[in-house]
2 protein chains.
Amino acid sequence: MRNIKLLLSYDGTNYHGFQRQENACTIQELLEGALAKVTRERVRVKPAGRTDTGVHARGQVVNFYTTSPIPAERFPQALNSCLPEDIVVRGAEEVSFDFHARRSAKSKLYRYTLDCGEYPDVFWRRFAWHPIYKLQAELLRQAGQYLVGTYDYAAFRASGSAVKTSVRCIKRLEWDFSQDPLWHLYIEADGFLYKMVRIIVGTLVEAARGRIRPEDVAIIRDSKNRDLAGPTAPARGLCLWEVKY
Amino acid sequence: MRNIKLLLSYDGTNYHGFQRQENACTIQELLEGALAKVTRERVRVKPAGRTDTGVHARGQVVNFYTTSPIPAERFPQALNSCLPEDIVVRGAEEVSFDFHARRSAKSKLYRYTLDCGEYPDVFWRRFAWHPIYKLQAELLRQAGQYLVGTYDYAAFRASGSAVKTSVRCIKRLEWDFSQDPLWHLYIEADGFLYKMVRIIVGTLVEAARGRIRPEDVAIIRDSKNRDLAGPTAPARGLCLWEVKY
């Protein structure tokens, strides 16, 4: 038995998220189908993070157990020939048995992209949210400062998750405006709550359009009340950028 | 009567090129459909360049005549609300009657993108060609030098065009490797022959993979023989970047 770690990218536009579902097309289903062809075994993959419907990944990591003797470095080419164009396996390596894509991760880095051009950039329409209101970059930056550190982030969690604690440590929250009018948010934490990044983005955008003050973000955070935070930003702007081990 | 100039972008993946056709979906058909709704007139647009099936545009320019009193600056918003997401009108202005999108153009600038990563970049798969062979950047640059200047470019023209002369002036042919592994070619000329950019890219790639020497490109150019040039590179990598007036 071997434990194999895969690095993969996907354009999530046409998928109902990573996790296998009964009546919808998911990344997991296609990846496991490709692995079944390549290994001739029934394989179950475990991802570092379950991405939601329409969310993308540049650096998703999964692991799976197999008895197949195929050298690890052969997996990307073999799997890619069985996968559609919008899912690409970019690396594979054999890892020790105690490696677990989610539990072994030290942190996850997501990127969220806003397209703040007057008209949407047609080449980014699948990968960015084009808000209809005018945003101020400086307010985005100021508002984000209140969400760095270890806090109970319950206000930024969608209902429907059963995790015990909503305390998380956000290590980094940085806006990159250098590709204006595309504004990229990089946000890294030891773990994220359900829809946490998208609710954070929705809340920062409320500040950037002047509906709340930047310092209100601290009040929202401390309230632990989801109703005070902003709306959930669209999935298309979100990308699982990197998983760090 | 007024003459209106529009600036538009489109993702050409799902279209059979710009020009209206009987049994296929084209940019022209959708744009004229949107203009009919907005102006309540039957409008014919003339483009700066007819892009082929699968070719994109960042800066396509068209003009059309109308008696509609709608202020020019209102056209983008009005048209975009009648167009699918993959076609975006980015600007409009009223121009003098003698302005003609194609004939008035001083030069056209195209961009062609190669994805030279080990595996295809899933976010660029619609907008870049991922060749299966290993390419040397320095050979691409050397080979391209022979295609700057005024020459008879008949060797780089696909059959099926009826233009009188195949003499064109290429003003600029530059590779930008700064976004490696995405390699962008910027090529500007007073005009292009049918499929000229894609045949040039196909020929430069032959040099970059070592099948011909860079200096052979001059021999191919002087032969005026299409059979000596390389294959036509895929449409997906090509984008009409800017039309200069």
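Predicted model: local features only at pLDDT ≥ 70, side-chain atom pairs only at ≥ 80, totals over all residues.
Residues are numbered from 1 along each chain as its sequence is written, chains are lettered from A and ligands numbered from 1 in the order in which they are written, and side-chain values use heavy atoms, with hydrogens and water left out.

**Figure 1. The two copies and the axis that relates them.** Two copies of a chain are related by a rotation about an axis and a shift along it. Here a rotation of 180 degrees, with 0.0 Å of shift along its axis, superposes chain A on chain B with an RMSD of 0.0 Å. The copies are therefore related as by a two-fold rotation axis. The same surface serves both copies, as 100% of the contact residues of chain A recur in chain B. The superposition is by least squares on the C-alpha atoms of residues with pLDDT of at least 70 in both copies.

**Figure 2. The interface between chain A and chain B.** In this view, 24 residues of chain A are in contact with 24 residues of chain B, where contact means heavy atoms within 4.5 Å. The size of an interface is often given as the accessible area lost when the parts come together. Between chain A and chain B the buried area is about 1800 Å², and carbon and sulfur atoms give 62% of that area. Buried area is the accessible area (1.4 Å probe) that two parts lose on being put together, summed over both. Of the area that chain A buries against chain B, 38% is supplied by Tyr119(A), Phe123(A) and Arg125(A), more than by any other three residues.

**Figure 3. Charged and polar pairs across the chain interface.** Six salt bridges are counted between chain A and chain B; a salt bridge is a side-chain nitrogen of Lys or Arg within 4 Å of a carboxyl oxygen of Asp or Glu. There are also four residue pairs in polar contact between the chains, both residues being at pLDDT 80 or more. A polar contact is a pair of N or O atoms within 3.5 Å; within protein, one must be able to donate a hydrogen and the other to accept it, and residues adjacent in sequence count only if both atoms are side-chain atoms. On the side of chain A that touches chain B, the elements that give two or more residues are β1 (2–10), β3 (56–66), α2 (75–80) and β4 (87–95). Helices (H or I, at least four residues) and strands (E, at least two) are DSSP runs, numbered from the N terminus. The most comes from β4(A), with four residues. By residue class, this side of chain A has 12 nonpolar, four polar and eight charged residues. Ala, Val, Leu, Ile, Met, Phe, Trp, Tyr, Cys and Pro count as nonpolar, Asp, Glu, Lys and Arg as charged, and the others, Gly among them, as polar.

**Figure 4. Arg125 in salt bridges between the chains.** Arg125(A) forms a salt bridge with Asp11(B), and their closest N and O atoms are 3.1 Å apart. This pair runs from the loop between β1 (2–10) and α1 (27–39) of chain B, which holds Asp11(B), to the loop between β5 (107–115) and α3 (137–144) of chain A, which holds Arg125(A). Arg125(B) meets Glu85(A) in a salt bridge at 3.9 Å, N to O.

**Figure 5. The two domains of chain A.** Chain A is divided into domain 1 (2–95) and domain 2 (107–244), with bounds from an automatic or database domain assignment. Their C-alpha centres lie 27 Å apart. The contact takes 16 residues from domain 1 of chain A and 14 residues from domain 2 of chain A. The area buried between these domains is about 1200 Å², and carbon and sulfur atoms give 54% of it. Asp52(A), His56(A) and Arg58(A) supply 41% of the area that domain 1 buries against domain 2, more than any other three residues. Two salt bridges are counted between the domains. Asp52(A) also meets Arg198(A) in a salt bridge at 3.9 Å, N to O.

**Figure 6. A cis peptide bond in each chain.** Asp180(A) and Pro181(A) are joined by a cis peptide bond, with omega about 10 degrees. Pro181(A) is found in the loop between β7 (167–176) and β8 (182–189) of chain A. In chain B, a cis peptide bond joins Asp180(B) and Pro181(B).
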